[in-house]
Amino acid sequence: MTTSCIFCRIAAKEVPSTVVHEDDEVVAFRDLDPQAPTHVLVIPKRHIVSLDHGTAEDAHLLGRLMLVAKEVAAKEGRANGYRVVTNVGPAAGQTVLHFHLHVLGGRPMTWPPG
């Protein structure tokens, strides 16, 4: 855990959040500034800065995050479709330096994004 990281603090339950899923490795919670009717963040409990910082040893955890994203979308009733996004670095819009997936749904998604 990195004590200055807001997502590490959420995972450690030091900062309140609306959790929709939690297991030994992953926590998923509602975004405070939702960009769609469903906007849930899926994070590893272990601090990884971004996808660029993932290693071969993280393969299981990174896969687990994707499966949790799928489970969250199903629980949120997004059978008609949803988007999973991760931003890598400031130029891509990453504002919290802790790997996370955005699960977005409940409105039409346009392409290209952002």
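Residues are numbered from 1 along each chain as its sequence is written, and side-chain values use heavy atoms, with hydrogens and water left out. Because the model is predicted, local features need pLDDT of at least 70 and side-chain atom pairs count only at pLDDT 80 or more, whereas totals for chains, interfaces and linings use all residues.

Side chains of opposite charge can pair when their charged atoms come close. Seven salt bridges are present in the structure, a salt bridge being a side-chain nitrogen of Lys or Arg within 4 Å of a carboxyl oxygen of Asp or Glu. One of them joins Glu22 to Lys45, with 2.9 Å between the closest N and O atoms. Since Glu22 belongs to strand 1 (residues 19-22) and Lys45 to the loop between strand 3 (38-44) and helix 2, this pair ties together parts that are 23 residues apart in sequence. Helices (H or I, at least four residues) and strands (E, at least two) are DSSP runs, numbered from the N terminus. Glu22 is partly exposed, at 35% relative accessible area, and Lys45 is also partly exposed, at 25%. Here, buried means under 20% relative accessible area, exposed over 50%, and partly exposed in between (1.4 Å probe, protein chains only).

Asp23 is buried, its relative accessible area being 18%.

In a further salt bridge, Asp58 pairs with Arg46, and the closest N and O atoms are 2.6 Å apart. Both residues lie in the loop between strand 3 and helix 2, so the pair ties together parts that are twelve residues apart in sequence. Asp58 counts as buried at 6% relative accessibility, while Arg46, at 44%, counts as partly exposed.

On the surface, a nonpolar patch is formed by Met66, Tyr82 and Val84, which together have about 250 Å² of accessible area. Patches are made of residues with over 30% relative accessible area and no salt bridge; like charges are joined within 9 Å and nonpolar side chains (Val, Leu, Ile, Met, Phe, Trp, Tyr) within 5 Å. Accessible areas come from the Shrake-Rupley method with a 1.4 Å probe, and for residues only the protein chains shown count as cover. Tyr82 is placed in the loop between helix 2 (59-75) and strand 4 (83-85), and its relative accessibility of 37% makes Tyr82 partly exposed.
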